[in-house]
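User: I'd like to learn how to read charge pairs and strand pairing in a model. Could you walk me through it?
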Amino acid sequence: MECIKMSYKGFQFPVNVSSIEADYSKKVKSVIIPRGSARAQEICFNPTVIKGAGCFTGRDANEKANMLMTAFQSKGSAYLFSPVFSPMRMYFSELKMSADSEKGCIEYRFTFIEEANSKGRRYDFGYTFALPEENLYDVANRCGVRVEKLVEANGVKDLFSLNEGDKIWLK
């Protein structure tokens, strides 16, 4: 099995980005109660923000940069697929590009913001990706699925032969 490449709106990054991070947060309100005490209350989850950076190299670096710009300029949200995070509906909110002649590449930085308009924020695609040093038992435990179901769905013969990034079907 192979680690997936990051993609958004039909643009597949030729090489996975050099850095990627997700910011998860929620609104918590502090309420003052008479007689000098306070209480915290969860209000809502904020949209997830995913930021990252990478570099296009080679003869077709300009073409790749233009294709990424086209994905950025298109309107609306779409699913962002990455080798690290579960797929989410995101807006492509920020793109910065610069050319570095010493490195011979076009560097880029991006920001995606989750579309949080819907009630359900879980996106169930029926699969997950193996994390570092995970075996099928670990995946079953993390996803709340029986090992037997994972063996059947994936045709796995060796429960300990997973590699980081392997796509594991849950159904």
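This is a predicted model: local features need pLDDT of at least 70, side-chain atom pairs count only at pLDDT 80 or more; totals for chains, interfaces and linings use all residues.

User: How many bridges join S6 to strand S9, and do they run parallel or antiparallel?

Analyst: There are nine, and the two strands run antiparallel; S9 covers residues 105–114.

User: Which strand pairs with S6 over five bridges?

Analyst: That's S3, residues 19–23, which pairs with S6 (residues 49–57) in the antiparallel sense. For a residue-level handle, look at Glu21, whose bridge partner in S6 is Lys51.

User: Now the charges. What is the general idea?

Analyst: Oppositely charged side chains can pair when their charged atoms come close. The cut-off here is a Lys or Arg side-chain nitrogen within 4 Å of an Asp or Glu carboxyl oxygen. By that rule, the count is six salt bridges.

User: How far apart are the closest N and O atoms of Lys103 and Glu107?

Analyst: They're 2.9 Å apart, so this pair meets the within 4 Å cut-off. Lys103 counts as exposed because its relative accessibility is 58%, and over 50% is the cut-off for that. Glu107, at 25%, is partly exposed.

User: Which residue does Glu94 form a salt bridge with?

Analyst: Its partner is Lys96, with the closest N and O atoms 3.4 Å apart. Glu94 is partly exposed, at 33% relative accessibility.

User: And what about Glu148?

Analyst: Glu148 forms a salt bridge with Arg146, at 3.7 Å between the closest N and O atoms. Arg146 has a relative accessible area of 59%, so it is exposed.

Conventions. Residues are numbered from 1 along each chain as its sequence is written. Side-chain values use heavy atoms; hydrogens and water are left out. Buried means under 20% relative accessible area, exposed over 50%, partly exposed in between (1.4 Å probe, protein chains only). Two strands pair if DSSP finds at least two bridges between them. Helices (H or I, at least four residues) and strands (E, at least two) are DSSP runs, numbered from the N terminus.
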